[in-house]
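Q: Please take a close look at one helix and its surroundings. What is its span, what covers it, and which residues sit around it?

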Amino acid sequence: LLAAELFRRGAESPHLTVEQLLQILEQTVRDQPEDADLYLALFVTTGPNDPEQAEKWLRQGIAAAADDGVLRETLIRLLIEQGELGAARKEFAYLAEQSEPSLVVKPLQGLIEAAEARLQGHWGVSRDRLVQAQIEFRRPRLRDHRTRKTFKDQIDRSLAECHERLNDQDAAISVLTELLKAHPAEVGLRVRLAGALARNASADKGVRTLLSAPETSPAIHRMLVTLLTRFRAPFEHDEILATFPPPESQTVSSMILGATLQERNGDIKAAQVTLKEAIERFPDEPGVWFASAELARRMNDLSQAETLLDEAEDRFGEQAVVTARVALWSHPESLVNPGLVQNLLKQIESFPVESRRLILRQAGESLMVRGDPSSALPIWQAACDAGIQDVECRLQYFVAAMQAGDQVAAQRALQMIAEFESDGGPCWKFATAAKIAGEYESQGNYEGLEEAEALLHAEIGRAHV
């Protein structure tokens, strides 16, 4: 059981491998089929690599040790994570009907309701349900609950995602920092925290967060590239170099990061040589082609950027390079016309959902940088309709509508923001104030701005606004 707990925390047992642990647990549960702790240990050990088998262990344990509510609670939480909310509701109804209902019924109900709200795109409601579940967990009666730590961990992870989607970086940083303290080896949490810090005007702290990782990884190198290019984070050259593998073991991500460091140091020629070597070494990796094209765009060499993307398209296909192509739209010399935008919108349905979201977001951002809100407007509308689940997308739609003078679209965007974060949220207040101010300004009435000022006053000082 101790070894299972070590694996859950991302550490290693000094005496057992995962395979050996599973073999021992499977033998022991055959000898002691009514011991609920054994099924929990099997669930923890199996879960990361085989969620389906982990669920089977829980159901087998419930059948063999039916009086142990912790197994059913754990199953419900697993079903929520997998998005099987109907099945989670069914198991929850059984748990709630017991003569002595579980202490975690209220937090579980909040977790389910939060997941249902996220599914409907109501992230503000989801956040509120999770905060209430957190409050329930602070009650003394749950202090010694057997699965308290893992349950609270699940609530915190969901809450962090809500804060990120709602663009509340202060709150996201707070929750992600606590999660990373509990799971210092989890790269995904570290990368998310670095991103939240960068979006909160603390890109330097984001770099520090990445460099303090116990081990480096391609994901950390990719985020460092983002912080150094998009957020222009300050950095210590030697500290970042220390995260590099030996020359013979260089990866695509480390070579792209090396070129980024050279570019930031003003040695553009060296950066171009590094990326050329990366293409020769990893010709089948699309990312290195895109990085080379992006460097060419930043150097105002649009022709070279397009040549590199043409070669990448021949190698990987048209769909693979669309995101990189629309990034070129931000360049003032690129040829962007209504027909090109409409053609993208017609093609977008043929892309996988995640690719669709990346392409639309990149296209919308590029057109706004270009100063063309009228062309960006249908892109952001399509992005919202495609289900990009964050308030930033809806804010961009609103800003494009206001800049394009489309009041109908601005009102629709305002309603979408209200539904997303719940009425009265900070982004809704910002957008409403901007709309009111625009209407007064168009009338030449500057004395009527008090209404807009009142909406903004309560949010002054919140960094994400």
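A: Helix α15 covers residues 252-264. Its 13 residues reach 19 Å from first C-alpha to last, close to the 18 Å expected at 1.5 Å a residue. That expected span is 1.5 Å times one less than the number of residues. Helices here are DSSP runs (H or I, at least four residues), numbered from the N terminus.

This is a predicted model: local features need pLDDT of at least 70, side-chain atom pairs count only at pLDDT 80 or more, and totals for chains, interfaces and linings use all residues. Residues are numbered from 1 along each chain as its sequence is written, and side-chain values use heavy atoms, with hydrogens and water left out.

α15 is mostly covered, with eleven of its 13 residues buried. Buried means under 20% relative accessible area; exposed is over 50%, and partly exposed lies in between (1.4 Å probe, protein chains only). The buried set runs from Val 252, Ser 253, Ser 254, Met 255 and Ile 256 through Leu 257, Gly 258, Ala 259, Thr 260 and Leu 261, and also takes in Glu 263. The cover over these buried residues includes α13 (218-229), α14 (237-241), α16 (268-281) and α17 (286-298). After α15 comes Gly 266, with a positive phi near 90 degrees.

Now the loop ahead of the helix. Gln 250 lies between α14 and α15. Its relative accessibility is 17%, so Gln 250 counts as buried. Contact means heavy atoms within 4.5 Å. Leaving aside neighbours within four places in sequence, Gln 250 touches Phe 244, Pro 245, Met 255, Arg 281 and Phe 282. Met 255 is itself one of the buried residues of α15. Arg 281 is 31 residues from Gln 250 in sequence, yet the two C-alpha atoms are 9.8 Å apart in space.

Next, a residue from the covering helices. His 221 sits in α13. His 221 is buried, at a relative accessible area of 2%. Beyond neighbours within four places in sequence, its contacts are Thr 216, Thr 243, Phe 244, Pro 245, Ser 253, Ser 254 and Leu 257. Ser 253, Ser 254 and Leu 257 are among the buried residues of α15. Phe 244 and Pro 245 are in contact with His 221, and also with Gln 250.

An α-helix has 3.6 residues a turn, so residues three or four places apart point the same way.

How values were computed
Helices (H or I, at least four residues) and strands (E, at least two) are DSSP runs, numbered from the N terminus.
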